[in-house]
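I opened this notebook to keep a record of what I looked up, one topic to an entry.

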Amino acid sequence: MIKSENKYRVFALRNFRNIPQIQEHLSEEEQHIIEVVGNVLPFKVNNYVIDELIKWDDVPNDPIYQLTFPQREMLSDAHFEKMEKALAADLNKADLSKVANEIRLELNPHPAGQESNVPEIDGEKLTGVQHKYRETALFFPSNGQTCHAYCTFCFRWPQFVGMDELKFAMRETELLVKYLQRNPQITDVLFTGGDPMVMSAKNLASYIEPLISGDVPNLKTIRIGTKSLGYWPYKFITDRDADDMLQLFEKVAEKGIHLAFMAHFNHPNELRTPAVKEAVRRIRATGAQIRTQSPIMKHINDTPQDWSDMWREQVDMGMIPYYMFVARDTGAQDYFAVELERAWKIYREAYKKVSGVCRTVRGPSMSADPGKVHVNGVTEVNGEKVFVLSFIQGRHPDWVGKPFFAKYDPKAIWLDDLKPAFGKEEFFYQDEFEKIQLN
Ligand SMILES: *Cc1c(COP(=O)(O)O)cnc(C)c1O
Ligand code: SF4
């Protein structure tokens, strides 16, 4: 049965102590920890996450609790003590956020050169657009720059804690349409955020309609990167404009444009509520496809079983497994990081367990500066142990699909940690990459 209590209620630092499950299951000391860490990293949950996803008897190990609630080890001892002291000193709001920002700046708030992908049109910067890979432009609508709850590992966290002005956001599609018309190689627009699915149907329509009006013949696919199916499936069932939203999706399909939900799920428990099942059914009935992706993270989903269950259950629900990512080098990365070798082993163990219909998934993949780098595996070549890597996406399209090799390093967690194998000075793409960066 779909729960009748489905009015969206949000909890954050100011009111999380009112959550009945918090009062019942957490000590005063544990609540204090949430307060301290939550003053540095973003923290927001809602009643669906609290009442239907988290299994409170398993707290603190419950994966969805780990996904949404600040944990002590997400900060170093030094950072934790610094914030704890600041809170005890009863600073005013401005001084408190100054302390918070000092800590945040030491947490690599802007990984993988996101700023360098902002295109221009007639000398004007399109600040709400990123264009890194030839066929796909990312679009950040200004009304979609928050989420229904926050993930503790999120790499977009600086914008949620107010460190960044919404410098990637864009109010209108007018310039985007012009940019797409001048760049006929672009076939896909990917709406992202935050979560574009925090927008009302009316709001989203104002962005989508100019794109499907027939003025952009090269546009084949509209993708929506969203965690709403994990964090607020009622969006598509009982929210006031749920039916309008579904009609908008139908309209996209009627225009012959593929609507692809890029749904973010981190754990099989997110696939098991009646609400998410009904939401997926309704979205699929509009002609949209749902592809799924997640990073692999310690404390949340670092077992083969988590992944094979996810892929199997997603396919049972009519979704298409798409990407397994490696956790980005930002925020609480030390807490979540899974070594590249271990990520590959988990991927492989899970992949072995499922049939071909689930094997549409690719990973583990790092979204790094030069591109999406796939860890194909660890092997030995002429007696040297190496990582085999390849680009799934590259800043230069020609880099894609070409195997290259890095020295084996069991502790490596990101591309920056890897050195070329066989005594080479640099990876094959390095020269070209530097040239691209100079432009
Ligand atoms: C992942 C990503 C895309 C989409 O890549 P696909 O492989 O087509 O899904 C587009 N732009 C950026 C910047 C990305 O990171
Ligand atoms: S839903 Fe996506 S953008 Fe929002 S907090 Fe989670 S990872 Fe970040």
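What follows are my notes on the structure shown above.

**Ground rules.** I am working with a predicted model, in which local features need pLDDT of at least 70 and side-chain atom pairs count only at pLDDT 80 or more, while totals for chains, interfaces and linings use all residues. I number residues from 1 along each chain as its sequence is written, I take chains as lettered from A and ligands as numbered from 1 in the order in which they are written, and side-chain values use heavy atoms, with hydrogens and water left out.

**Nonpolar cores.** I looked first for nonpolar cores, meaning sets of buried Ala, Val, Leu, Ile, Met, Phe, Trp, Tyr and Cys residues joined through side-chain atoms within 4.5 Å; buried is under 20% relative accessible area, exposed is over 50% and partly exposed lies in between, with a 1.4 Å probe and protein chains only. The largest core has 113 residues, and the members that touch the most others are F69, F191, L204, I222, L229 and F249. Helix α9 (residues 201-212) provides the largest share of this core, seven residues; helices here are DSSP runs of H or I with at least four residues, strands are runs of E with at least two, and both are numbered from the N terminus. Another core lies apart from it, with 23 residues that include W399, L415, L418 and F427. I note as background that nonpolar side chains tend to be buried together in soluble globular proteins.

I then followed F191, counting as contacts heavy atoms within 4.5 Å and leaving out neighbours within four places in sequence. Its partners include F139, P141, L204, Y207, I208, L211, I222 and I224.

T221 sits in strand β8 (residues 221-226), and I count T221 as buried because its relative accessibility is 12%. Beyond residues up to four places away in sequence, T221 touches T187, D188, V189, I257, H258 and A260.

V373 belongs to strand β13 (residues 371-381) and is buried, at 0% relative accessibility. With neighbours within four places set aside, its contacts are P364, S365, M366, L389, S390, F391, F404 and L415. One of these, P364, lies in strand β12 (residues 362-367) and is joined to G363 by a cis peptide bond, with omega about -15°.

Points are joined across faces, edges and corners, and a volume is the space filled by probe spheres set on them.

The second largest cavity holds about 40 Å³. At least two lining residues come from each of β10 (289-296), α13 (304-316) and β11 (320-326), and α13 gives the most, with four. The lining includes F265, W307, M310, W311, Y322 and Y323, and by class it has seven nonpolar, four polar and no charged residues; Ala, Val, Leu, Ile, Met, Phe, Trp, Tyr, Cys and Pro count as nonpolar, Asp, Glu, Lys and Arg as charged, and the others, Gly among them, as polar.

**Second largest pocket.** The second largest pocket has a volume of about 500 Å³. Its lining has 18 residues, of which L13, G38, N39, K93 and R104 are closest to the centre. Helix α6 (93-105) and helix α2 (28-38) each supply at least two lining residues, with α6 giving the largest share, five. I sort the lining into 11 nonpolar, three polar and four charged residues.

**Ligand 2.** Around ligand 2, with a heavy atom within 4 Å as the cut-off, I list C147, Y150, C151, C154, F160, G194, K227 and H264. Of these, G194 lies in the loop between β7 (188-191) and α9, and the peptide bond from G193 to G194 is cis, with omega near 20°.

**Positive phi.** D122, in the loop between β3 (120-121) and β4 (124-125), has phi near 45° although it is not a glycine, and D122 is exposed at 60% relative accessible area. H299, in the loop between β10 and α13, has phi near 75° and is partly exposed at 35%.

Notes. On a 1 Å grid over the protein atoms alone, a cavity is a set of points where a 1.4 Å probe fits but cannot get out, and a pocket is an open set with protein on both sides within 12 Å along at least five of seven lines; lining residues have an atom within 4 Å of a point.
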